Amino acid sequence: MPEDLRTLRERKKLSLNQLASKSGISIAMLIEYEKGEREIPPADLRRLAKPLYVNEWDINPRSAPPPSPPRPERPAGPPRPPRPREEQPEKLPKEKRPPRPPAPARSTQVAHLLTLAARFNIDRAALEAEIGKPLEQLTLKEARFWNGRFMRRIAEERPPKQAVDRRRAYLPEGIDGFELAYLQAQQEAGALLHFTLFNGQTFEGTVAGFGPYQITIRESGGDEITLNKLAIAYYRKAGGAA
Amino acid sequence: MSLGDELRYLRAFHGGAHPQEIEAQAGLKPGTLRAIEQRYRRTGEDDEVLAKIAAVYDVPLEKLQYHRERYRKALSTVLQQALEAGTTARFELRTGETLSGRVRWWDLGAFGLEPEGDGPLIVVQRHAVVDWPMPDDQRRKTSEVSETSEV
């Protein structure tokens, strides 16, 4: 049963400051999460789960708003005397300023707009026709609006990026993309692997798990051995000759 | 095996000391050894530095110079060429074995070798490869690089 963030935090005796520094999420954001003003996105759930020592599904993404504290009752006393109005200084009427003329567009904004339009084969004349006025008369706000419009158009037409979850290992012997896929496939298949180390020692077992620099295998007897990647020379499915 | 791999291997055999300790023993600037160990490109151009490291590990300088020519990117080039051509490649391992077969894939840590004849795919760790037949153009490139500054 998921619990509210505040409940979990208080149970772990963590202050907002401590949780913020451990999770990397700002205090302001944590307060919003705890008050239920904002739903916790999955990425932040993962970041919060670790310092709270819970699974991410144990945290309620939308906390219930805290009950408002009861207002302290005012002690009944004599009613306040009304303020004497005469003592207040009279407010002077504000002078009305003439409205400022809108700031003209910066030359860089216009240049950027022309570049963006060129991506859609729109020349200056066509652009001015679309905007409805010459570019020299464009105001700062209008230039911002049109630049934003073209940027959104570019973003919409761009093919979505494929999400690649690839974290390259820090050390050269670390497990990289292809080896990761190979080990995952062998682990899922429960394949028996034969490992040969630098010193000629050999081990055989199924992959129980692996990290960037270690592979843990389970031998036929049930024993688990963690092999350091740096010590491994090569490995293959058991049963074939090297 | 690249110079970086060889140095990490030697460091492991010397009690797994921290690179800073080895640097202090060799009288090198902090970070020198770490930089050589981590690089994928050709590195260790300065023979004076290599001689100091060789003295600490008690190995001949020529040994380190040999590994300097077998940097990681050079192996990547050979693996890519073998992968594209679909030809059989031979690799000498630190275990003393020689493995040959077709390269099916390679990444920064290992490569998949389909052995000649029947047999399952062998996942060879790149840091275990001591030597490989270098194509002529790579030898030329290597000698050119050695004449210029470090890549």
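User: A residue is buried if 20 or more other C-beta atoms, placed from the backbone, lie within 10 Å of its own, exposed if 12 or fewer do, and partly exposed in between. What percentage of the residues in chain A is buried?

Analyst: This is a predicted model, in which local features need pLDDT of at least 70 and side-chain atom pairs 80 or more, while totals for chains, interfaces and linings use all residues. Residues are numbered from 1 along each chain, with chains lettered from A and ligands numbered from 1 as written. Among the 242 residues of chain A, the buried share is 19%.

User: Which exposed residues does α4(A) carry on the face turned away from its buried side?

Analyst: Helix α4 of chain A spans residues 42-52, and its buried residues are A:D44, A:L45, A:L48 and A:L52. Just after this helix, A:Y53 takes a positive phi of about 60 degrees. Turning to the face of α4(A) that points away from the buried side, we find the exposed residues A:P42, A:A43 and A:K50.

User: Which element gives the most residues to the side of chain A that touches chain B?

Analyst: In the contact between the chains, 25 residues of chain A meet 25 residues of chain B. On the side of chain A, the elements that give two or more residues are α8 (177-189) and β5 (232-237). With six residues, the element that gives the most is β5(A).

User: What is the bridge partner of A:R236 in β4(B)?

Analyst: Two strands pair if DSSP finds at least two bridges between them. β5(A) pairs with β4 of chain B (residues 122-125) in the antiparallel sense, over three bridges. Within β4(B), the residue bridged to A:R236 is B:I122.

User: Which are the edge strands of the open sheet of ten strands?

Analyst: The strands of this sheet, with antiparallel pairing, follow the order β4(A)-β3(A)-β2(A)-β1(A)-β5(A)-β4(B)-β3(B)-β2(B)-β1(B)-β5(B). Two of these strands pair on one side only, and the edge strands are β4 (224-228) of chain A and β5 (129-131) of chain B.

User: Which residue of β4(A) stands opposite A:I215?

Analyst: Strand β3 of chain A, which covers residues 214-218, pairs with β4(A) in the antiparallel sense over five bridges. In β4(A), the residue that stands opposite A:I215 is A:L227.

User: Which residues of α4(B) do B:I22, B:Q25 and B:A26 meet?

Analyst: B:I22, B:Q25 and B:A26 belong to α2(B), and they have their contacts in α4(B). The residues of α4(B) that take part in this meeting are B:K52, B:I53, B:A55 and B:V56.

Key. Contact = placed C-beta atoms within 7 Å. Helix = DSSP H or I, 4+ residues; strand = E, 2+ residues; numbered from the N terminus.
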